[in-house]
Amino acid sequence: MTSVTATKRSGPDDPHGGHSGRDGQGGRGGQGGRPRKAWRPGPSGPPPRGKAFGDRAAWFLVLPALIPILILSVGPLLYGIALAFTDAQSGRTRSTQWIGTLNFQDLLHDTLFWDSFRIGLVWAVGVTVPQFLLALGLALLLNQNLRLRWLARALAIVPWAMPEVVVGIMWRLVYNPDAGILNETIRDLGLGDGRDWLTGLATALPAVILVGIWAGMPQTTVALLAGLQNTPRELHEAAALDGAGAWRRFRTVTWPAIRPIALAISALNLIWNFNSFALVYVLTSGGPGGRTRLPMLFAYEEAFRYGQFGYAAAMGCVMVAVISVLLALYLVGRLRGGEDR
């Protein structure tokens, strides 16, 4: 029995009772002594009929939303970019000529445009930063266990639900130099006779910025409040048991939880505020003396007051480029933040 077992375990290639290799590695393996080949997948066949039909059905479902975007957004954008390289002006009898980059060269030396660009940056930053800080404080307050909290939350979003034109008309009444509630309050308190806030060279831009903060704060508040409500309360309770104060709990628990939302809403607010038009147009129409003339207002005047469509389109292209840079910086920051996590 022992000799038979030894014979089965040994082979002719190994005098010590074993093979000199395994399946093609220095010895014979498999059947007939041929080395085994590694399995490789063959060419894939056509996709199943059900999957192809599902892909076509998905495209049919997307088309109703995609077609309006192409017609109302992408199409006008491409047309505006093409228009920026022409001398298009108002008037049916005027012929449009291709002038290359001449409009952009004129923009480089247009001090009025760069002044409006500077005012637009001051407006965007001056609205976005205080708006975020006030919205954060209001969100923290509304996240507490207060009486009639539901009513306070409902009232907090009222400015957001109002159209910008209505907000502008309402605040024009507030700033009215003769019968406005602001000047009446100043007179009642004995602080002076009031002033014309929207036509003063020194007060027009701060007055408009104040309206922008008031009008846009509810949107930021709602976004931050949603982030606060998703923060586990157990983390706050554990930090409180460890002896952490209110500021330390905010810095170590609350802020890390709402930081992605805060960065996203701040970046979007900066872009939206830079593109503002209706609110400032209703309040001041860019005056006095161009002190509140944002880039959008300047392009609007060039196009529809002076009929310089090609030049206004070039301004629009510059603003689209600036917004694209802001979006790229935001997306890069988001991707790096995701990789860090």
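In these legends Ala, Val, Leu, Ile, Met, Phe, Trp, Tyr, Cys and Pro count as nonpolar, Asp, Glu, Lys and Arg as charged, and the others, Gly among them, as polar. The model is predicted: local features need pLDDT of at least 70, and side-chain atom pairs count only at pLDDT 80 or more, while totals for chains, interfaces and linings use all residues. Residues are numbered from 1 along each chain as its sequence is written, and side-chain values use heavy atoms, with hydrogens and water left out.

Figure 1. Helices (H or I, at least four residues) and strands (E, at least two) are DSSP runs, numbered from the N terminus. Of the 341 residues, 32% count as buried; buried means under 20% relative accessible area, exposed over 50%, and partly exposed in between (1.4 Å probe, protein chains only). Among contacts with a separation of 6 or more, 62% are between residues 24 or more positions apart. Contact means heavy atoms within 4.5 Å.

**Figure 2. The largest pocket, with about 470 Å³ of space.** Of its 20 lining residues, Gly80, Ala299, Ala312, Ala313 and Gly316 are the closest to the centre. Two or more residues of the lining come from each of α2 (49-83), α13 and α14 (309-340), and α14 gives the most, with 8 residues. The lining has 17 nonpolar and 3 polar residues and no charged ones. A pocket is an open set of points on a 1 Å grid over the protein atoms alone, with protein on both sides within 12 Å along at least five of seven lines; a cavity is a set of points where a 1.4 Å probe fits but cannot get out, and lining residues have an atom within 4 Å of a point. Grid points are joined across faces, edges and corners, and a volume is the space filled by probe spheres set on the points.

**Figure 3. Ala313 in helix α14.** Ala313 counts as buried because its relative accessibility is 12%. Leaving aside neighbours within four places in sequence, Ala313 is in contact with Gly80, Leu83 and Ala84. Tyr79 is 234 residues away from Ala313 along the chain, yet their C-alpha atoms are separated by 9.2 Å.

**Figure 4. The largest cavity, lined by Tyr281, Ser285, Leu297, Tyr300, Glu301 and Arg305.** The count comes to 1 cavity of 30 Å³ or more, and the space in the largest cavity is about 30 Å³. Helix α13 supplies the largest share of its lining, 3 residues. By class, the lining divides into 3 nonpolar, 1 polar and 2 charged residues.

**Figure 5. The loop between α12 (278-283) and α13 (295-304), which holds Arg293.** The side chains of Arg293 and Glu301 are joined by a polar contact of 3.4 Å. A polar contact is a pair of N or O atoms within 3.5 Å; within protein, one must be able to donate a hydrogen and the other to accept it, and residues adjacent in sequence count only if both atoms are side-chain atoms. Not counting residues up to four places away in sequence, Arg293 touches Ser116, Ile119, Gly286, Phe298 and Glu301.

Figure 6. Most residues other than glycine have a negative phi, and most peptide bonds are trans. Ser285, in the loop between α12 and α13, has a positive phi, near 55°. Its relative accessibility is 37%, so Ser285 counts as partly exposed. Pro288 is found in the loop between α12 and α13; the peptide bond from Gly287 to Pro288 is cis, with omega near -5°.

**Figure 7. Helix α7 (residues 164-174), with buried residues Val167, Gly168 and Trp171.** Seen down the axis of α7, these buried residues fall within an arc of 100°, so they line one face of the helix. The arc is that of the directions from the helix axis to the C-beta atoms. The cover over the buried residues of α7 includes α6 (158-161), α9 (204-229) and α12.

Figure 8. Thr252 is partly exposed, with a relative accessible area of 41%, and its side chain reaches the backbone oxygen of Arg248 at 2.7 Å. Between Thr252 and His236 there are 9.4 Å, C-alpha to C-alpha, at 16 residues apart in sequence. Thr254 is also in α11 and counts as buried at 6% relative accessibility. Apart from neighbours within four places in sequence, Thr254 is in contact with Leu140, Leu228, His236 and Arg249.
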